[in-house]
Amino acid sequence: MLMLGFTGFLGLLKIVLMALAAFGLFDAAFRREDAFRAADKQNKMFWLIILGIALVVSYLFSILSILPIAGVIASIVYIVDVRPALKHVSGGGRGWGRRGGSSSDGPYGPYNGGR
């Protein structure tokens with residue numbers, strides 16, 4: 001009974017890791033090539049290959065081997081480091097609280113350099 005629960009947990013974990021890699025792959029596929037260069041984060045083809053390999057490896061191999069762990073690390077690096085940089089370069093890095101404005105706006109209005 002305990003082994004069945006452990007196997008179920010590993011199956012769920014495998015699905016989550018595959019979803020993480022798939023999310024990164026689809027997000028990278030729909031980003032512009034020049035955004036990768038502007039953000040100074042390798043190139044688009046590099047990330048598509050890495051995330052595609054991560055997705056395939058997480059599907060084919062057991063979660064307890066080293067290859068899916070490397071794939072998870074690559075997916076996390078893309079989602080935590082590359083994706084926010086691409087959003088910032090593309091102009092999509094607006095938070096929930098901001099409603100337009102320029103990058104020089106302060107919390108109480110536009111900053112005009114002390115004039």
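**Exercise 1. Which residues does V82 touch, not counting residues up to four places away in sequence?**

Solution. Step 1: a contact requires heavy atoms within 4.5 Å. Step 2: with residues up to four places away in sequence left out, V82 touches F36, K41, W47 and V77.

The model is predicted: local features need pLDDT of at least 70, side-chain atom pairs count only at pLDDT 80 or more, and totals for chains, interfaces and linings use all residues. Residues are numbered from 1 along each chain as its sequence is written, and side-chain values use heavy atoms, with hydrogens and water left out.

**Exercise 2. Describe the chain as a whole.**

Solution. Step 1: helices (H or I, at least four residues) and strands (E, at least two) are DSSP runs, numbered from the N terminus. The chain has 4 helices and 2 strands, in the order α-α-α-α-β-β from the N terminus on.

Step 1: a residue is buried under 20% relative accessible area, exposed over 50% and partly exposed in between, with a 1.4 Å probe and protein chains only. Of the 115 residues of the chain, 25% are buried.

Step 2: accessible areas come from the Shrake-Rupley method with a 1.4 Å probe, and for residues only the protein chains shown count as cover. The accessible surface of the chain is about 8,200 Å², and carbon and sulfur atoms hold 69% of that surface.

Step 3: take the contacts between residues at least 6 apart in sequence; 61% of these join residues at least 24 apart.

**Exercise 3. Check the length of helix α3 and list its buried residues.**

Solution. Step 1: the expected span of a helix is 1.5 Å times one less than its number of residues. Step 2: helix α3 (residues 44-60) has 17 residues, so it should span 24 Å, and the end C-alpha atoms are 24 Å apart, in agreement. Step 3: the buried residues of α3 are K44, W47, L51, G52, A54, V57 and S58.

Step 1: A70 and V57 are separated by 13 residues in sequence, and their C-alpha atoms by 9.2 Å in space. A70 has a relative accessible area of 43% and is therefore partly exposed.

**Exercise 4. Which residues make up the largest nonpolar core, and which helix supplies the largest share?**

Solution. Step 1: a nonpolar core is a set of buried Ala, Val, Leu, Ile, Met, Phe, Trp, Tyr and Cys residues joined through side-chain atoms within 4.5 Å. Step 2: the largest such core has 11 residues in all: L25, A28, A35, F36, A39, W47, L51, Y78, V82, A85 and L86. Step 3: at least two residues of this core come from each of α1, α2, α3 and α4, and α4 gives the largest share, 4 residues. As background, nonpolar side chains tend to be buried together in soluble globular proteins.

**Exercise 5. Classify the aromatic pairs.**

Solution. Step 1: rings of Phe, Tyr and Trp (its six-membered ring) pair if their centres lie within 6.5 Å; planes under 30 degrees apart are stacked, over 60 edge-to-face and the rest tilted. By this rule there are 2 aromatic pairs.

Step 1: F46 and W47 form an edge-to-face pair, 5.3 Å centre to centre with 85 degrees between the planes. F46 is partly exposed because its relative accessibility is 34%, whereas W47, at 8%, is buried.

Step 2: the ring centres of W47 and Y78 are 5.7 Å apart and the planes lie at 55 degrees, so this pair is tilted. The pair links distant parts of the chain, with W47 in helix α3 and Y78 in helix α4, 31 residues apart. Both W47 and Y78 are buried.

Step 3: F46, W47 and Y78 form one aromatic cluster.

**Exercise 6. Is D27 buried or exposed, and what does D27 touch?**

Solution. Step 1: D27 lies in helix α1 (residues 2-29). D27 is buried because its relative accessible area is 13%. Step 2: leaving out residues up to four places away in sequence, D27 touches Y78 and R83. Step 3: a polar contact is a pair of N or O atoms within 3.5 Å; within protein, one must be able to donate a hydrogen and the other to accept it, and residues adjacent in sequence count only if both atoms are side-chain atoms. The side chains of D27 and R83 make a polar contact of 3.3 Å.
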